Amino acid sequence: MKVTDLVRSLQRQPQGPLYVVVGEEDYLRDQAVATLKHAVLGGDPTTGETAGGADGTGGLDSFNYDLIYADETDAQEILARAGEIPVFAQRRLLLVRQADKLTARDGDILLPYLKSPCDSTTLVFVAGKLDGRLKFSQALKTHAVTVECTSPPDAQLTEWIKAEAKVLNLHVSDDAVMMLKETAGGLLSLIRREMEKLASYVQPGATVSAADVELVRGTQPGASIFDLAAAIGRRAPAEALRILTRNLEAGEAPVRLLGSLVWQYRRIWKAKDLVGRKASESELIRACGLPPYRLKAFLAELKYYSDTQLQTAFDLFLKTDSRLKGGGAGTPGRELERLILALCAESAPPQPIQAKGTIVPPAAPPVAGAGRTKPISNLRTIKTFRPSAR
């Protein structure tokens with residue numbers, strides 16, 4: 001079930017003894033955990049803070065709530081805490097974060113408990129991803145309530161932003177929604193953070209514009225991911241490296257920069273497919289999540305990319321993703337510099353894509369196997385993207 005399904009489920013019936021909260025979106029995982037804490041311990045349903053203090057660190061809730069990390073504990077400690085009796089309450093909550101760090105041996109020890117959990121304890125395992133080959137993961141899928149915390153597809157992301165804006169009492173224009181999606185690279189936690197900043201910035205009752213989003217974020221002119229991808233496409237490595245340096249010096253995380261660049265390249269590939277099918281400007285704006293004032297410049301950049309070069313770019317993204325997360329690479333900044341130089345070397349020479357009064361497709365042939373989305377990384381940062389044919 002999704003987080004929204006979890007909320008509705010807990011409104012209809014009491015909480016169960018066993019849950020697994022899994023998915024790459026940490027914002028959704030935190031929402032699910034806060035919902036379960038509220039159901040078991042009471043307190044604030046949005047943050048999970050209880051009357052005894054944040055995370056239940058005071059009052060009776062401190063006796064009925066335990067937070068442990070799988071890489072700092074073992075199966076015996078989990079079993080011992082799960083078997084404790086609640087104090088002046090019907091249930092207690094045991095939260096095990098980073099459940100993917102449990103060893104296979106500890107997972108096997110927990111298997112009998114998963115089949116017959118303690119009725120007075122709600123045990124929640126939280127992880128970005130679980131290894132489906134392990135018996136422990138398979139048993140969780142069978143016996144626990146699974147709360148999936150994956151990113152919503154692009155079509156649903158707009159509705160999610162508007163729903164979150166209502167919670168913050170924001171009126172957000174369509175251009176602002178598109179800008180939020182672009183600046184945050186589709187990451188929900190970052191989108192939410194930008195909206196919280198906007199809620200403090202705009203006057204009550206005012207409508208948030210795309211200009212407000214750019215101003216609040218504080219991005220230097222000419223230093224966005226849009227500008228970085230354009231510099232790469234034009235084979236301007238010096239300019240691209242300057243933009244990269246600006247972002248790194250501003251405190252942007254290298255992995256997030258990589259994810260945002262992948263987001264932009266996916267949009268480029270989608271736009272090329274739409275242009276090839278002679279889509280209208282309104283279709284391009286809607287499908288690619290572009291502010292209307294950026295459409296002309298965005299279309300002008302498409303001539304620099306062929307399908308083959310885009311495929312090569314995603315292979316480079318995968319290798320950089322592995323080096324950044326594998327710990328065997330040099331400094332993250334140096335890895336991104338290496339990626340930028342490789343992408344600039346692969347960029348295509350200009351090829352006109354506009355005829356008089358019309359938009360014509362790029363000269364590159366279509367990619368075989370169009371219509372499939374194939375994961376090529378264990379995290380959300382990298383996915384091979386191919387536009388779906390209609």
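Asp106 touches Thr73, Asp74 and Ala75, leaving aside residues up to four places away in sequence, and its own place is in helix α5, which spans residues 104-115. In this predicted model, Asp106 is buried yet has no salt bridge, and the nearest side chain of opposite charge, that of Arg105, is 4.4 Å away.

**The chain as a whole**

- The secondary structure of the protein chain comes to 17 helices and 11 strands, and 46% of its 390 residues count as buried.
- Among contacts between residues at least 6 apart in sequence, 74% join residues that are at least 24 apart.
- The accessible surface of the protein chain comes to about 19100 Å², and carbon and sulfur atoms account for 53% of that area.

**Helix α1 and its cover**

- In helix α1, which runs over residues 3-12, the residues Val3, Leu6, Ser9 and Leu10 are buried; they lie on the same side of α1 because they cover an arc of only 115 degrees around the axis.
- The face of α1 turned away from this buried side carries Gln11 and Arg12, which are exposed.
- The cover over the buried residues of α1 includes strand β1 (18-22), helix α2 (26-41) and strand β5 (145-148).

**Salt bridges**

- The structure holds 15 salt bridges, one of which joins the side chains of Asp66 and Arg92 at 2.6 Å, N to O.
- This pair links distant parts of the chain, with Asp66 in strand β2 (residues 65-69) and Arg92 in strand β3 (residues 92-97), 26 residues apart.
- Both Asp66 and Arg92 are buried, and Arg92 counts as such because its relative accessibility is 0%.
- Arg92 also meets Glu84 in a salt bridge, at 3.2 Å from N to O, although Glu84 is partly exposed, with a relative accessible area of 36%.
- A further salt bridge is formed by Glu196 with Arg192, the closest N and O atoms being 3.1 Å apart; these two residues are separated by about one helical turn, because they are four residues apart in helix α9 (residues 188-201).
- Within this pair, Glu196 counts as partly exposed at 39% relative accessibility, whereas Arg192 counts as buried at 13%.
- Elsewhere, salt bridges that share partners join Asp66, Glu77, Arg81, Glu84 and Arg92 into one network.

**Aromatic pairs**

- The count of aromatic pairs comes to six, among them the edge-to-face pair of Tyr27 and Trp160, with 5.7 Å from centre to centre and 90 degrees between the planes.
- Tyr27 lies in helix α2 and Trp160 in helix α7 (residues 154-167), so this pair ties together parts that are 133 residues apart in sequence.
- Both partners fall into the buried class, Tyr27 at 15% relative accessibility and Trp160 with a relative accessible area of 14%.
- The rings of Phe125 and Phe136 also form an edge-to-face pair, because their centres are 5.3 Å apart and their planes stand at 80 degrees.
- Phe125 belongs to strand β4 (residues 121-127) and Phe136 to helix α6 (residues 135-143), and the two are 11 residues apart.
- Phe125 is buried, with a relative accessible area of 0%, and Phe136 counts as buried at 5% relative accessibility.
- Ring pairs also link Tyr265, Trp269, Tyr305, Phe314 and Phe317 into a cluster.

How values were computed
Residues are numbered from 1 along each chain as its sequence is written. This is a predicted model: local features need pLDDT of at least 70, side-chain atom pairs count only at pLDDT 80 or more; totals for chains, interfaces and linings use all residues. Side-chain values use heavy atoms; hydrogens and water are left out. Buried means under 20% relative accessible area, exposed over 50%, partly exposed in between (1.4 Å probe, protein chains only). Lys and Arg count as positive and Asp and Glu as negative; His and the chain ends are not counted. A salt bridge is a side-chain nitrogen of Lys or Arg within 4 Å of a carboxyl oxygen of Asp or Glu. Contact means heavy atoms within 4.5 Å. The arc is that of the directions from the helix axis to the C-beta atoms. Accessible areas come from the Shrake-Rupley method with a 1.4 Å probe; for residues, only the protein chains shown count as cover. Rings of Phe, Tyr and Trp (its six-membered ring) pair if their centres lie within 6.5 Å; planes under 30 degrees apart count as stacked, over 60 as edge-to-face and the rest as tilted.
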